[in-house]
Each structure stands twice: as structure tokens, then as C-alpha cells.
Amino acid sequence: MLQQLGQLPMGWLLIALIAVFGSAAFFLGRMRAEQLLETSTGRMHSRPNYHGYYVAMFTVVPVVLIAVAYAIFAEDLMRSQLTRELPSSFDRLSPAELQSYLESVRMAAGTAATSGADRVFQAITNRYLELRGVMNTATLALLGLLAAGGIFWSQRRLSQNFRARAVVENGMELVLFLCAGVAIATTAGIVVSLLYESLQFFQVVSVWDFLTGTRWNAQTNAEFGALPLFFGTFMIALIAMLVAAPIGLFSAIFLSEYASPKARGWIKPILEILAGIPTVVYGFFALLVVAPAIRQMAVWFNESVIQMGLASEPILAAQPTSALAAGLVMGIMVIPFVSSLSDDVINAVPQTLRDAAYALGATKSETVKQVVVPAALPGIIAALLLAVSRAIGETMIVVMAAGKSARISMDPTSDLTTITVQIVSLMTGETGFDDPKTLSAFALGLVLFIVTLIFNIVALRVVKKYREKYE
Amino acid sequence: MDTTLGMSTAVDDNLTLPPATDTAAAPRIDCRNIKVFYGETEAIHDVSMAFPDRAVTALIGPSGCGKSTFLRCLNRMNDTIENCRVEGEILMDGENINDADVDPVLLRSRVGMVFQKPNPFPKSIYDNIAYGPRIHGLANGREDLDAIVEKSLRRAGLWDEVKDRLAAPGTGLSGGQQQRLCIARAIAVQPEVILMDEPCSALDPIATARIEELIDELRNRYCIVIVTHSMQQAARVSQRTAFFHLGNLVELGDTSQIFTNPREKRTEDYITGRFG
């Protein structure tokens, strides 16, 4: 019996119960309000629907809380109870091994997979199912009780002058606040976990060695000098910005100052499509088209230089993957970030300033160059900073086209590696969380987070200051 | 009021000015059969009028009557508006400024404009004034430019207030000062005509009085056309007044005559406040 209860599909059941209790409560509440309306003289404070929402709120909220608590704590509670009951032969297992054993129990529970297994496993699985049955029954009972109580209690409060609408409005506000809170809590959680793992890493490797060391070989030699990664990241971001800043800015100027509304209606969406292309597509474009072309040009350059007798050996590295290839393609990728934001800030420059310049006999290009762009400059700088932080954090293009050699080289045709590439290669494949190799990925992530955070904060501040000026 | 009326008698109905001025015989600007279209809509219907030199002409009329649109014809600012089209002849020195071979950039250096809202560039006071002379190459070197800036600010009656802070941003001045800065900026290009589109509508009465005084001083050097919503202002500063209604020029005459003895019923109704 308990074992069968243990096999209840609790997820679906909880959702169904919430829906059933919620709608029942709503209709009951509304009915009660309508009765009140008939028997009372004069107007009610709130419409019957609000009374319905009120009752539903006080029924659903406790039920949802129970469901959430079940989702978070039930499994752990069952496992800890099960662990206590395990035979002593399990004492020699490490916590990790124990967890993976319990996980296999959970997977096997209630399926045919137990029939061929040994007796101990069968017994443990059955016991697990029993425990789950108890847990499920208790949860459902508690839930039903709370829901019934909620309906009963909140129904009784309804009256002609009861301010159900105000309560519901406050409830809505709380729901919206909680939704906003989820994003903030998630960010905080990510930061905390980054910090925690990074601190563990910095117990093995000193911060100073990590930030200033010039040799990176995390995979084999446990060398954690991240300077070549920082160098590669900034080199590629620099190349990207050299592409994106002028092209993005000029296209923004064209769009906002020169293009006819018709042309603007065409070009702007196309530019914004660039932002919608998955970065992995940019990645293989970089790897298959741009990188070979750059290599070819570099080879040709080397040969010509040697032929002309200007050098005795090749000058450029001419490697099959290169910083230049990744940087160029990344630059194309961030163009829409620059152009779209710059376009917005240029449009925000008041028309009266342009009129003033035209009325003085300034030409269009003089007006743009000397009045519009200087007035929009803070916003343009902010757009560029946001694009930089996007370029620094970009992963897929560099994973595919930048290469994996951690080195400091000014030659853009040599392959470089970046922070993001190293994080990917450290976190894929076999990983253990007590290994400095894996932990170093968190330290890299922390650096990345801090750098992009600084860029974003500065950019947003600049934008804000600029907005205040014209609004 | 008395002085205004006294001055306006100097201008007779044939738009000639006293013989003391050389160019008195011909009007500074002569508009013939001007029509303005926004897309298919005709906003100005066949307006002909002339603007005398060294005098202030006021354009009055209810909102939307086309007076600002008409004003913007005179320096071809309507070119900057999409789907706006101007027909007719506007003669300056015998040349039609609407001709295809007239460069609007050069035209605008001869016809300055001051706008409704003060619109100084977000640059220093000095650079605001120096902007026009720089783009038109009017100054030979720094000293010359300094002289132009000082002269323009003096003429706009702003020099004493800002001479110690020429490097401060122009946007930091008060509204009235900003508007005088904009007038100085227009003067710095050495225009022949100054157009003013409700230059005092964003200003308080004291700043307005200051600008009106200034307009009266500038009248001795320039042909000034001012659009205004305030009939008192038109009466105070102008010698000629044109009343616009629904895109038509209803009546044009000496300011004293328009305000004391209008020929048209609609003019009378408007200036006595019966509509508009």
C-alpha cells in the first residue's frame, strides 16, 4: 500500500490539486459574494470577482508553499532517513559514493529494474518506496487540510464592506515583487557560488600568482598563470571593437541622420537580425571561412616579404586558427549592439540642436560631426562599453576560431586563447570539484564577471547621466 | 507704445524706408505667390509680401495659421522637413532663393534664425558663438575670432554678463541669457536678415523685455522678421505687421494701422481677442 503511494506522480498531482483547489475557491468565494450582494442593501466594497480571487489566493498560496517545500526538501528527508536505516556494510562508502548509490535507488524505485538486482538493493528500494509513500501521504493530507482551511477561513471573512480588492491588489504586488526577486536571488546565488569555489582555488594557488603568472597549463602541468588568457581576451576584444566601433557608429549615424524612413525601415531590422544569429553559427563561419582566408593572406605576406628580401624568415605565424579571425567575426557580431544603442542616443539628441546648426549654415556632415555626435557622445561611449563587455564574455566564436595556446603574442595571425575558452575546456569532460584544475575555472569566471560588471556599471552610469541631461 | 507708433510712421505703405539707408528703395526680401505643401496638404495659400530692410516685421495669427512655416521658407529650413514642398519666388537681391542652384548653406549664413526654445549647443559660451564663423571661415586667426565673439555678445547685450566665463557651458545660462546667446550666435555669422520664431515664448516677462529691447537695437542693422503670439509684443517691437489666418495672409500693413484701424474684419476680431 505504502509502496504504491510512493509511486504517485506527485508533480502532476500537485499541479492538478492547485488548479482544482484554486478554481473551486474562486467560484465559492464569488458565489458567497453574490449571495451577500442579493441580501445586502446598497453597494459592496468590492466586486464579486475580487472576493473570488481573495478566497483563491488564501487557498492556493499555502498549497503552493507546501508543494515548493516538498520539491525542495522531500528527497533529502527521505534519503537521510534511508541512510540511517542502511546496514553497517555501507559505512565504508564515501559521501559521494553513497549519494550515487542512493541516486541509483531512486532511479530503480518502482521500475522493473529491481527484479534482477541483489536482495539488499531490492530491500533498500522497497524501503525507499515506503518512505516516499509516507512522505506523499503526509504531504497530500497537509495540503488538503490547508486548502480546506483556507477556503473556510477566508470565506468567513467576506462581507459587504470587506475590502477584498485591496487585499488582492497587495497580493498582486507581492507576486510581482517575488518574480523580480527571483532574478536578483539567482544573480546573488551565482556570485556566491563563484566566490566560494574561487576562494577554494585561491587556497591552493595564490591570487597574485594567478593574476600575474605568465604560464597557463591547467590541464596537464597545473600551471595557473592567467595573464596569457587575459591578454588573449583583451586582444580579441580589441580587434572586435576595431571592427565594430566604426562600422556600428557609422551605420547608426547613417540610419538616424541620412537614411529615408523607408531605407531605415529596411536596414534597421536587418542589422538587428545580426544580433539574433546564434554565436555558434558565427563560430563556424569564423573557423571555416575567415580563419583559412587570413592564414592564406598571412602566408602570402610572409612569402612576399621573404622574396623582396626584407626578412629571412616568416614574420607572421599564419596559423589555422587565429586571434584575427575570431576578433573580426566577433566584431561583426557586436555591430548591432553598437549601432542599435548609438542610433537610440543619436535620435535622442533634440531636433532643435540640429535646427540651430542648420540655421547657422552648417552642412549636414558638419552638423553631424560637430553638434549631433558630440551631444550624443556619452551615450555612444556607453554603447561601446556594453559592446566590449559582450565581446569579452563571448564564448562560442573564440572556442571555435581562436585556438587553445595560452601565449602572449602581438601577432594577430597566431592562435591565442581566452578566459572563456579555458573555462569551457576545464569544465567539459571529466571533472571533480576538489581538483584545482576545475576550481580554476571558477576563478576565471569570477574575473570575467568582475570585469564585465565594471564595464556594464560604467556604461549604465554614463547612459543615466546623459538621459538626465535631455529629459 | 507711443515710441513704437512714432517709429512706425517712418515706414509708409509702399515699404520704402527713409532715404538715410542705401538699400531703402527695394525691400530686403520679396515673396511672390508662396505656397507650402506638407505632402498633399497646402499649408500656405499663395502668399505675397515684402520685408523692408532695417525694420521689424511681425507675423501674427492663431496657432496653426502657417506663420512659422512661412518664416521657415525664408531660410529654406523647410528643406530639412521630409515631404515639405515650397512653391513661388522669394527674391533676395533679385535672386530667387528657391532656385535649384542656390546653396541653402550659403543662404542660411545670410539669413540667421532664432528659435522658440533657446537651443545653445552643449559647448562653451565661446564655442557657441564661434561655431558659425568657424564653419564659414569668417575669422583669420584666434584674435579675429575673439573679436567676433566679443562683438556678437556685445550686440546681443550679453557680454557684461558672460565675459568672465566664456569657457563655461552655454547650457548653464538662464533661459533669457541662453536666448540672447542664440541671438549672438546668429549675429556672429554676419547675416543680413534675422528670423525669430516666437523667441520669447519660453521666457519670463523680464527676460522678454530684455530681448525686446535687443530687437529694437538690432533693427538699425538688420531686416528682422518675428513670429509672435503676443499682440502686445508685435505692437511693441514691430513696424510692419502681417496677420495670417488658415494659411492665408489676411492683412499686411504698418503696425500702428493694423492695431488701431484694421481694414479686415478678421484682423479686428483677432486683435480684439474675439478668436484665436
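Q: How many of the 13 residues of helix 7 of chain B are buried?
A: Start with the term. A residue is buried if 20 or more other C-beta atoms lie within 10 Å of its own, exposed if 12 or fewer, and partly exposed in between, with C-beta atoms placed from the backbone. In helix 7 of chain B, 12 of the 13 residues are buried, so the helix is largely enclosed by the rest of the structure. Among them are B:Gln177, B:Arg180, B:Leu181, B:Cys182 and B:Ile187. Helices (H or I, at least four residues) and strands (E, at least two) are DSSP runs, numbered from the N terminus.

Q: What kind of model is this, and how are residues, chains and ligands labelled?
A: This is a predicted model: local features need pLDDT of at least 70, side-chain atom pairs count only at pLDDT 80 or more, and totals for chains, interfaces and linings use all residues. Residues are numbered from 1 along each chain as its sequence is written, while chains are lettered from A and ligands numbered from 1 in the order in which they are written.

Q: What do the buried residues of helix 7 of chain B pack against?
A: Packing is read from contacts: two residues are in contact if their C-beta atoms, placed from the backbone, lie within 7 Å. The partners in chain B are strand 6, helix 4, helix 5 (141–155), helix 6 (159–162), strand 7 and helix 8 (205–218).

Q: What should the 13 residues of helix 7 of chain B span?
A: The expected span is 1.5 Å times one less than the number of residues. For helix 7 (residues 175–187) of chain B that gives 18 Å, and the end C-alpha atoms are 18 Å apart, which agrees.

Q: Which residues cover the two faces of strand 6 of chain B?
A: In a regular strand the side chains alternate between the two faces of the sheet. Here B:Val111 and B:Met113 lie on one side, B:Gly112 and B:Val114 on the other, and all are buried. Strands pair if DSSP finds at least two bridges between them. Strand 6 of chain B pairs with strand 7 (residues 193–197) of chain B in the parallel sense, over 4 bridges. B:Val114 stands opposite B:Met196 there.

Q: What about strand 3 of chain B: which residues lie on each face?
A: B:Val56, B:Ala58 and B:Ile60 are on one side, with B:Thr57 and B:Leu59 on the other; all are buried. The strand runs parallel to strand 8 (residues 223–227) of chain B, joined by 4 bridges. Strand 3 of chain B also pairs in the parallel sense with strand 9 (residues 240–245) of chain B, again over 4 bridges. B:Thr57 stands opposite B:Val225 in strand 8 of chain B and opposite B:Arg240 in strand 9 of chain B.

Q: What is the strand order of the open sheet of 4 strands in chain B?
A: The order is 2-1-4-5, with antiparallel pairing. Strand 2 (41–51) and strand 5 (95–96) of chain B are the edges, each pairing on one side only. Strand 1 (residues 29–38) and strand 4 (residues 84–92) of chain B share 8 antiparallel bridges. B:Val36 stands opposite B:Val86 in that strand 4.

Q: Where are B:Asp46 and B:Glu198, given their positive phi?
A: Most residues other than glycine have a negative phi. B:Asp46 has a phi of about 50 degrees and sits in strand 2 of chain B. It counts as partly exposed because it has 14 C-beta neighbours inside 10 Å. B:Glu198, with a phi of about 45 degrees, is in the loop between strand 7 and helix 8 of chain B. With 20 such neighbours inside 10 Å, B:Glu198 counts as buried.

Q: What radius of gyration does chain B have?
A: This value is taken over C-alpha atoms, and the globule rule is 2.2 Å times the number of residues to the power 0.38. For 276 residues the rule gives a radius near 19 Å; chain B has 18 Å, which agrees with a compact globule. Its C-alpha trace spans about 55 × 45 × 35 Å along the principal axes.

Q: Which elements of chain B touch chain A?
A: The contact takes 20 residues from chain B and 13 residues from chain A. Helix 3 (104–110), strand 6 (111–114) and helix 4 (125–136) of chain B each supply at least two residues of that side.

Q: What domains does chain A have?
A: Domain bounds come from an automatic or database domain assignment. It gives domain 1 (2–162) and domain 2 (207–470) of chain A. Their centres, taken over C-alpha atoms, are separated by 50 Å.
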